[in-house]
Amino acid sequence: MIKKIDPTLLTTRVEQGKLNTSESIDNDIMPLSTLRQARFDGEVTREALLEEACKVFAEQGYSAGSSKTICQRANVNLASVNYHFGGKSALYREVLIEAQRQLTDNLLLKLDTIGDIMSLRERVRTYLEHIFGVFLLEETPWYAKVLVREYIEPSSFGMELMKRGGFPNITRMSEMFANYFELPEDHPTVLRAVTYTFSMAMGSLAFESTLTANSDAVRRIRSDSDAALKELSFVLMTGMDVLKMSMKTFKP
């Protein structure tokens with residue numbers, strides 16, 4: 001256990017002029033440099049655990065991915081998961097949050113910085129192209145694999161985070177869709193649009209994660225990813241436009 005420095009002892013010594021650079025502190029007092037190093041080492045260990053957990057859960061899922069495997073890959077003591085995160089489930093929640101962050105951080109930054117000069121339709125289209133663009137990458141990133149596994153086999157941790165608003169991309173999608181349709185965020189049409197879009201995105205990634213993803217058809221699609229993304233965006237936005245138009249046309 002790390003010993004703490006008694007600040008009153010140091011203050012008293014300084015006031016009395018008894019503490020200098022050549023003086024050694026009492027044996028039972030931990031030097032500040034040692035405390036700082038211990039804190040730094042702890043942060044490094046925590047980051048190493050999180051990094052390896054992201055990979056393990058992406059490859060094996062929550063149930064199969066073990067704390068032992070994560071600790072072995074991070075080259076740390078088995079008790080480190082409990083010490084730094086409080087257990088495997090808490091570590092997995094951190095991985096889910098990080099996966100969502102990796103998926104949307106750059107996009108949200110772009111929308112926050114230049115979104116004001118975009119039309120509502122352009123904001124929605126930009127968002128959709130970013131999310132579906134992950135499907136067209138040559139290699140599926142770890143965060144997409146984690147989210148796909150969570151989509152296919154939902155965990156209580158993911159549901160908990162969603163209820164608490166821990167998935168900012170879904171929250172932002174709801175806001176954009178509500179503004180686009182000129183409806184409240186809790187309107188059934190907005191909720192359905194978010195659900196359909198999210199399901200299509202995760203379904204695309206799930207398809208990519210199967211053996212079918214190695215087929216010639218998928219390779220041909222990826223060979224011209226820009227054209228594929230534009231076509232997909234056109235199909236999605238056309239559907240959104242028609243739905244919005246029909247709502248105005250048949251509005252009572």
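Predicted model: local features only at pLDDT ≥ 70, side-chain atom pairs only at ≥ 80, totals over all residues.
## Packing of α5 and α7

The crossing of the two helices is left-handed.

On the α5 side, the contact is made by Y92, V95, L96, E98, A99, Q100, Q102 and L103. W142, Y143, V146, L147 and E150 make it on the α7 side. Sorted by class, the residues in this contact are nine nonpolar, two polar and two charged.

## Nonpolar core

The largest nonpolar core holds 54 residues. Helix α5 supplies the largest share of this core, with eight residues. L91, V124, F177 and F181 have the most contacts inside the core.

For V124, leaving aside residues up to four places away in sequence, the residues touched are M176, F177, Y180, M237 and M240. In soluble globular proteins, nonpolar side chains tend to be buried together.

## Overall fold

The protein has twelve helices and zero strands. Of its 252 residues, 38% are buried.

Contacts between residues at least 6 apart in sequence include a 67% share that joins residues at least 24 apart.

Notes. Residues numbered from 1 in each chain as written. Heavy atoms only, no water. Left-handed = near helix turned anticlockwise from the far one by under 90°. Helix = DSSP H or I, 4+ residues; strand = E, 2+ residues; numbered from the N terminus. Contact = heavy atoms within 4.5 Å. Nonpolar A, V, L, I, M, F, W, Y, C, P; charged D, E, K, R; others polar. Core = buried A, V, L, I, M, F, W, Y, C linked by side-chain atoms within 4.5 Å. Buried < 20%, exposed > 50% of the residue type's maximum accessible area, 1.4 Å probe, protein only.
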